[in-house]
Amino acid sequence: MYPNGATVFTVLNDYLLCHDLARGTPQYYRRVVGVLCSWYGGPVPLEEFVPSLVNRLLAAKQEAGRSSYYRRSLRSGLKALLRFVHGSCERLRPVRCSELPSDTWTAEEVYRLAAVAGKHRLLILVAYFTGLSECDLRRLRREDIDANGVILFSRQKTGKRVLSTMPLSSISG
C-alpha cells in the first residue's frame, strides 16, 4: 500500500485525509507523531512503526516521569495510526491513570470571580454549573437557558444531550 521509504508522516497525512476530524484534532495527531519521531531520533520508517516501538516509547516516557495522562494520550493517538496502517494492532502497553487531585473551586469562589468578570459573568457561571467544554460553551446561546435556569443542550463532539440546572440567582442580573 505504501511505497518503500514511507514514514509515519506518510501514514499521518493519509489518516488526516481519510478522517473527518474535529478542529484541533489534526494538531493533536501531529504532536503525537512529533513526540514519537523526536524520541526515535528522526522520521520513523513505516516498517519500524509497530506496537513494540510504541510500547518502548511509552516505557521510556514512564521512566522519564511523564504523567499517566500524557502517556495515555500518546498511546491513544498512536494506536489509532497503528490500526489505520495494520488494520489492527497487537496489545499495547496499558497505561493506568492516577487519580487527579480534586482541587475544585467552591461555589462561593466562582461567584466572587463572576462578580468582577464583567461581560463574562454568565459564561463563567454556566461553565461552572454545567461542566461544558470550551467548544460547547462557545456554541451555547442565551436562548438555550430557560427562565427556570434549565439548560438542554447537545454536545458537539458526542451529540449527547446535556440537561443542567443553574440556580436562578446565577442567571438574573
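A nonpolar core is taken here as a set of buried Ala, Val, Leu, Ile, Met, Phe, Trp, Tyr and Cys residues joined through side-chain atoms within 4.5 Å, where buried stands for under 20% relative accessible area (1.4 Å probe, protein chains only). The model is predicted, with local features needing pLDDT of at least 70 and side-chain atom pairs counting only at pLDDT 80 or more, while totals for chains, interfaces and linings use all residues. Residues are numbered from 1 along each chain as its sequence is written, and side-chain values use heavy atoms, with hydrogens and water left out.

The largest nonpolar core holds 28 residues, and Leu 36 and Phe 49 touch the most other members. Two or more residues come from each of helix 1 (8–18), helix 2, helix 3 and helix 4, helices being DSSP runs (H or I, at least four residues) and strands likewise (E, at least two), numbered from the N terminus. The greatest share, 7 residues, is given by helix 2. Neighbours within four places in sequence aside, Phe 49 has contacts (heavy atoms within 4.5 Å) that include Val 8, Leu 36, Leu 78 and His 86. Another core, of 13 residues, lies apart from this one, and Val 126, Leu 140, Ile 145 and Ile 151 are among its members.

How helix 2 meets its partners comes next. Helix 2 (residues 25–40) packs with helix 4 (residues 68–86) at about 100 degrees, the axes being 10 Å apart; axes are lines fitted to C-alpha atoms, for helices over the stretch in contact, and angles run from 0 to 180 degrees between N-to-C directions. The two helices are therefore roughly perpendicular, a term for angles of 65 to 115 degrees. With helix 3 (residues 51–63), helix 2 crosses at roughly 85 degrees, and the axes come within 11 Å. Here too the pair is roughly perpendicular. This contact involves Val 35, Leu 36, Trp 39 and Tyr 40 of helix 2, together with Leu 53, Arg 56, Leu 57, Ala 60 and Lys 61 of helix 3.

Finally, the strands. Strand 1 and strand 2 (residues 161–165) pair in the antiparallel sense over 5 bridges, pairing requiring at least two DSSP bridges. Leu 152 has Leu 163 of strand 2 as its bridge partner. The hairpin has 6 residues between its strands, and Gly 159 takes a positive phi near 80 degrees.

Technical notes: Angles under 35 degrees count as roughly parallel, over 145 as roughly antiparallel, 65 to 115 as roughly perpendicular and the rest as oblique. Buried means under 20% relative accessible area, exposed over 50%, partly exposed in between (1.4 Å probe, protein chains only).
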